[in-house]
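Good morning. I will go through one structure today, starting with the whole chain and then moving to single pairs of residues. Please have the model open.

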Amino acid sequence: MQLVHGPEFTINLENDHVILHGTVDESAGVILRGTVILNCHENTKIKSIILKFQGKTKVNWVEGHGSSQRHFKEERTVIEHSWNFLEPKRKTYHLAVGRYKWDFELPLPGDLPSTVQHDLGQVYYRLKAVAERPAFSINYVAKRNIRVSRVMLPSSLELNQSVVISNEWTNKLAYNISVPRMVFSCGSTIPVSFDLIPTAPGLSVRAISCTLKEYITLTSHEHTRSEGRVIKTVRDEQFAPSMDRWTRTEVLQVPNEHQGRIQSDTTSELIKIKHKLKFTVSLINGDGHISELRAAVPIIIAAVAPDEDANQLPAYEDAWKTLPYDTRTIEGMIASGNLPQSVAIAIPNAAANRIQEIPDSANNSGDEGEQQQQQQQQQQPLPWEGFDLSRVPSYTTAVRSGRLYSFSGSLPTYESIAIPGTTA
């Protein structure tokens with residue numbers, strides 16, 4: 001939710017869905033990047049502009065009834081950071097009409113817990129920007145929620161290998177139940193293969209059911225509560241009687257996370273979420289009574305599966321499908337505030353140069369000549385503005401350009417460069 005008063009005051013993000021790659025021990029973390037934007041339609045006084053980022057986990061539940069009822073509640077801060085774009089001072093800042101932008105970035109550690117929204121507990125991350133106004137003026141406030149998810153690395157071979165339950169129920173049934181891997185994403189399908197061989201005469205399969213179950217464990221002041229709930233169940237009763245072998249693949253659909261019906265696996269100080277696949281094979285014996293074979297395997301439900309990660313580089317043969325870098329497109333995105341300057345071409349923000357400091361008691365009309373002179377001085381670009389000092393020119397640009405790069409003669413061809421320690 002965003003509260004806006006007067007001028008437009010917003011937080012733009014490079015991406016509000018942060019994806020951590022690998023387990024908490026493997027992940028190197030990511031960089032959160034964005035821009036705070038203030039559009040002033042008239043001269044505006046500002047005392048300070050502060051941006052805060054917070055990540056919190058909290059639990060809240062009630063146990064017992066009546067007089068024996070106990071309330072468990074706890075909240076902890078996972079991460080926090082703040083930026084002061086305009087430092088609080090005795091003098092207020094005078095912002096002329098224009099668009100003001102402040103870029104920010106923050107390294108996020110790889111051990112952050114994933115976002116959780118549950119009736120009994122939450123893990124959430126939020127950005128809040130506040131532009132403090134002088135007395136008797138309403139502050140400008142902007143908020144953005146950040147979603148944190150974790151994706152397993154494709155190199156985690158143990159998670160990509162199939163899981164097989166193979167055993168024999170003495171004098172009754174030999175069985176093999178297999179799942180292709182351990183990690184599945186929200187919205188994906190889970191194929192479960194059954195291979196059943198009866199060893200008792202007159203044995204029939206009555207039904208097969210597969211159930212996806214979610215387990216949540218909450219902790220508050222060393223008190224723990226655990227509960228499980230059924231997420232999805234499929235049941236198949238279409239089996240011919242008195243066969244020598246039954247083979248069947250049942251498909252279970254994992255719900256989408258945005259529907260609120262399932263949470264991805266996560267571990268934090270107060271909340272742990274895990275999932276299991278449970279199987280039940282109902283058998284009809286030769287004498288007519290019912291027997292049941294039960295088994296279970298742990299699986300991991302991830303918000304994004306390794307093969308669905310939108311941040312991974314495209315395959316070599318698919319590289320032509322990506323959008324080429326275009327300077328004009330990037331400049332337009334920066335001008336509209338949809339892309340922070342820190343990740344593209346450095347373009348001077350002319351509006352930011354028009355910020356002035358004036359005493360709290362100063363009159364708005366003031367000395368116009370003096371104000372204009374200060375504006376002209378502040379609008380003069382610095383020598384390095386307009387150039388992106390972090391960009392390395394391409395090989396072709398370096399050959400053409402004689403303004404910023406000097407070299408004697410011509411650059412060598414790519415093929416003529418020998419790798420040290422080798423012979424041509």
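The accessible surface of the protein chain comes to about 24800 Å², and 50% of that surface belongs to carbon and sulfur atoms. Accessible areas here come from the Shrake-Rupley method with a 1.4 Å probe, and for residues only the protein chains shown count as cover.

Before I go on, some ground rules. This is a predicted model, in which local features need pLDDT of at least 70 and side-chain atom pairs count only at pLDDT 80 or more, while totals for chains, interfaces and linings use all residues. Residues are numbered from 1 along each chain as its sequence is written, and side-chain values use heavy atoms, with hydrogens and water left out.

The chain has 424 residues, of which 38% count as buried. Buried means under 20% relative accessible area, exposed means over 50%, and partly exposed is in between, with a 1.4 Å probe and protein chains only. As for secondary structure, there are four helices and 22 strands. Helices (H or I, at least four residues) and strands (E, at least two) are DSSP runs, numbered from the N terminus. Contact means heavy atoms within 4.5 Å. Among the contacts with a separation of 6 or more, 69% are between residues 24 or more positions apart.

Now the strands. Two strands pair if DSSP finds at least two bridges between them. Strand E2, residues 17–21, runs parallel to E11 and is joined to it by five bridges; here His 17 stands opposite Arg 147. Strand E10, residues 121–132, runs antiparallel to E11, with seven bridges. In that pairing, Ala 131 has Tyr 140 as its bridge partner.

Further along is an open sheet of four strands, in the order E12-E13-E15-E18, with antiparallel pairing. Which strands stand at the edges? They are E12 (163–169) and E18 (246–253); each has a single partner strand, so one side of each is left without a neighbour in the sheet. On average, neighbouring strands of this sheet are turned by 15 degrees against each other, direction ignored. Such angles are taken between axes, which are lines fitted to C-alpha atoms (for helices over the stretch in contact), and run from 0 to 180 degrees between N-to-C directions.

Within this sheet, E15 (residues 189–198) pairs with E18 over eight bridges, and Asp 195 stands opposite Thr 247. Val 192 also has its place in E15. Is Val 192 buried or exposed? Val 192 counts as buried, because its relative accessibility is 0%. Leaving aside neighbours within four places in sequence, its contacts include Cys 210, Arg 248, Leu 277 and Phe 279.

Next, salt bridges. A salt bridge is a side-chain nitrogen of Lys or Arg within 4 Å of a carboxyl oxygen of Asp or Glu, and the structure holds 11 of them. One of them joins Asp 16 and Arg 144, whose closest N and O atoms are 3.4 Å apart. This pair links distant parts of the chain: Asp 16 is in the loop between strand E1 (8–13) and E2, while Arg 144 is in E11, 128 residues apart. Asp 16 is partly exposed at 34% relative accessibility, and Arg 144 is partly exposed at 24%.

Another salt bridge joins Arg 248 and Asp 236, at 2.6 Å from N to O. Arg 248 sits in E18 and Asp 236 in strand E17 (residues 223–236). Asp 236 counts as buried at 12% relative accessibility, whereas Arg 248, at 28%, is partly exposed.

Last, the aromatic rings. Rings of Phe, Tyr and Trp (its six-membered ring) pair if their centres lie within 6.5 Å; planes under 30 degrees apart count as stacked, over 60 as edge-to-face and the rest as tilted. By this rule there are six aromatic pairs. Phe 53 and Tyr 125 have ring centres 6.3 Å apart and planes at 10 degrees, so the pair is stacked. Phe 53 lies in strand E5 (residues 48–63) and Tyr 125 in E10, so the pair ties together parts that are 72 residues apart in sequence. Both are buried.

Phe 194 and Phe 279 are edge-to-face, at 5.9 Å centre to centre and 90 degrees between the planes. Phe 194 belongs to E15 and Phe 279 to strand E20 (residues 271–284). Phe 194 is buried at 3% relative accessible area, and Phe 279 is buried at 2%.
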